[in-house]
Amino acid sequence: MPIALILVSVFLQAGAEGFLSGRLDVTASLRFSVLAFLVTALIFTAITWLRGRTRSKRQATEASRGEVRRLLWEMNAASALTFLGFYLAMAWVPAALAASLVAGVGPLAVVLIGTVRARNPGGPAGWARAVLLLAVSLATAACVQPGSLREVGYLVHVGGALAVLAGFGAAYLAVVSRRLGALGVDPTRVMAHRFHLTYVLAGAVLLLRGGGAASELSLGVTALTALVGVVVPLYLLQISIQRCPPIVTMVLLTAVPGLTYVAQVAFGDPFRLAAAVMVALLVILTVGFAVLEGRTRRGAPPGPDVQPDPDIRSVLTARADTPSVSRPVPHPSS
């Protein structure tokens with residue numbers, strides 16, 4: 001089920017990005033960021049508040065509450081780095097190259113983080129798969145947007161660096177989300193807290209730019225795109241990444257740039273056979289590597305950051321036989 005939700009999220013994000021391609025400049029992208037992430041925070045804050053009125057809160061130690069607060073602050077910082085870094089990168093780097101860098105760097109970043117922290121390192125096979133996905137992502141960008149890899153100049157280097165940082169931010173989001181899932185934190189609560197820094201910084205940058213010219217998209221179309229391309233897919237993704245190993249999540253997200261090209265073609269961009277072949281290859285590698293990583297992680301013992309997902313029958317039995325549970329158990333809705 002988590003993998004299915006990730007795939008639905010990938011398709012929705014790719015469709016929205018394909019629709020927005022060529023319709024937003026940097027200022028309009030910042031406006032879109034403010035609207036999308038502010039609305040996301042408001043919606044899930046309201047849902048969390050309403051659910052809190054009808055659901056008794058589970059007991060948690062002061063230490064676990066403190067860790068959750070720390071992780072939510074880290075989610076804020078990583079979310080701002082990921083989304084604002086990506087949008088600003090597109091000001092100086094061709095969109096296909098920026099998206100391919102963000103998505104392609106993700107699996108490599110997860111393997112690097114796991115190796116540095118000595119927790120679930122990928123091993124030689126994991127490194128090889130991550131490097132291959134990055135190479136295929138860049139090759140796909142070159143076919144989707146010819147000339148994207150031949151761009152030179154200082155601003156292009158800055159944009160490329162921002163895209164790489166955004167890829168590391170996305171990988172760290174997957175790692176932190178997995179830990180929040182192990183602590184039993186409801187995804188709606190995470191969604192209510194994780195984007196505050198994103199819309200505040202986007203609004204501040206927008207004010208510094210002076211607002212800019214009016215967007216060609218109406219407010220209604222922008223709001224609908226934000227709902228379909230941000231609110232819904234990011235919630236589905238949040239549910240999933242709290243249950244999936246980070247490497248599986250990032251491998252699946254590698255398909256976003258290729259599927260974005262498919263959406264761009266559907267919305268009127270020219271069709272290129274070489275690009276279609278590379279997109280198909282990227283999707284095949286993404287699905288195949290996700291299955292391999294899933295089998296590898298399933299057979300390995302869990303690291304210190306992640307507790308194994310409990311079987312529902314063992315959870316019910318534990319609740320019936322003992323007056324308390326030694327560690328938080330994820331709520332079924334999360």
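Predicted model: local features only at pLDDT ≥ 70, side-chain atom pairs only at ≥ 80, totals over all residues.

Reply: Residues are numbered from 1 along each chain as its sequence is written, and side-chain values use heavy atoms, with hydrogens and water left out.

Me: How many helices and strands in the chain?

Reply: There are 13 helices and 0 strands, taken as DSSP runs numbered from the N terminus (helices H or I, at least four residues; strands E, at least two).

Me: And how much of the chain is buried?

Reply: 47% of the 334 residues, where buried means under 20% relative accessible area with a 1.4 Å probe, protein chains only.

Me: Which residues of H1 and H11 make the contact?

Reply: First the geometry: H1 and H11 (residues 256-266) pack at about 50 degrees with axes 7 Å apart. Axes are lines fitted to C-alpha atoms over the stretch in contact, and angles run from 0 to 180 degrees between N-to-C directions. The contact (heavy atoms within 4.5 Å) involves Val10, Phe11, Ala14, Gly15, Glu17 and Gly18 of H1 with Val256, Leu259, Thr260, Ala263 and Gln264 of H11.

Me: Which of the H1 residues are buried?

Reply: Among them are Val10, Ala14 and Gly18.

Me: Switching to the largest nonpolar core, which members touch the most others?

Reply: Phe32, Phe37, Phe86 and Leu234, out of 61 residues. Such a core is a set of buried Ala, Val, Leu, Ile, Met, Phe, Trp, Tyr and Cys residues joined through side-chain atoms within 4.5 Å. Helix H4 (residues 95-116) gives the most to this core, 10 residues.

How values were computed:
Buried < 20%, exposed > 50% of the residue type's maximum accessible area, 1.4 Å probe, protein only.
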